[in-house]
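Hi,

Here is the structure I promised to pass on.

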Amino acid sequence: MTLTSSGQISISDINGEFGRSGTTANSSLEDLSDGTVATINTGNASGDRPDGSAPHNMSEFYSYNHSASTTSWSNVPADFNLHTLDGSDFSVDSVVSGAKSITLSGGSGTTSVSCQQPSNGNIELKFAYSTSGDPGTNGTANSGSGYGNTVSGISFTSGTLYLRFKLAEVKADSGNLNAENRTITFTNNSVSNTDLQINCRLSGL
């Protein structure tokens, strides 16, 4: 059961959400809010649970669900390389990774993914995603998103997120990029994972 998202809320309501009743439910708002009575379930979004700090307010329990699943990321891809040559042939050079995926459990709301960009501003690290299968080298297979640097508002709360990554010049013959690790950040329900690093390199012939 989840507490109301607006209107009146009582100590009795909060105790009930914690599964407490009778004489054992004689607790203060402070004890309910700071984890004294029971550990606050961080499976709830940060705006749907008390922050544990004074002053404590009843409204902090709006939409709180003590049985909510805890958000976690798993099966993160191993770090890998994206290396390509700038052929100096007036064409835009790029390289695409193999198929990758990551697993989300107990999420809520929406998911965001962002790529830390290479230090050479003429080169971009992009990704494409799909919730139903490998988005392929073009980034659009299986209803894939196409390639972008940062995407928020992805309707994805659990299961497997399928990915491809691309290192690409913004313009032709944009110069060398020495090998450097770039971090990919996955976020849902205020829980982020930054375990994946891609070693990016673009070099001339």
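**Hairpin and strand pairing**

Strands E9 and E10 make a hairpin with two residues between them, and Asn189 in that turn has a positive phi of about 55°. (Strands, E, are DSSP runs of at least two residues, numbered from the N terminus.) Before you read on: this is a predicted model, where local features need pLDDT of at least 70 and side-chain atom pairs count only at pLDDT 80 or more, while totals for chains, interfaces and linings use all residues. Residues are numbered from 1 along each chain as its sequence is written, and side-chain values use heavy atoms, with hydrogens and water left out.

E9 (residues 177-188) pairs with E10 (residues 191-193) in the antiparallel sense over three bridges; two strands pair if DSSP finds at least two bridges between them. Phe186 has Asn193 in E10 as its bridge partner. E9 also runs antiparallel to E5 (residues 111-115), joined by five bridges, and Cys115 is partnered there with Ile184 in E9.

**Salt bridges**

How many salt bridges does a search of the whole structure find? Two, counting a side-chain nitrogen of Lys or Arg within 4 Å of a carboxyl oxygen of Asp or Glu.

- Arg164 and Asp134: the closest N and O atoms are 2.7 Å apart. This pair links distant parts of the chain, with Arg164 in strand E8 and Asp134 in the loop between E6 and E7, 30 residues apart. Arg164 is buried at 12% relative accessible area (buried is under 20%, exposed over 50%, partly exposed in between; 1.4 Å probe, protein chains only), whereas Asp134 is partly exposed at 28%.
- Glu124 and Lys126: the closest N and O atoms are 3.3 Å apart.

Cheers

Definitions and conventions
Helix = DSSP H or I, 4+ residues; strand = E, 2+ residues; numbered from the N terminus.
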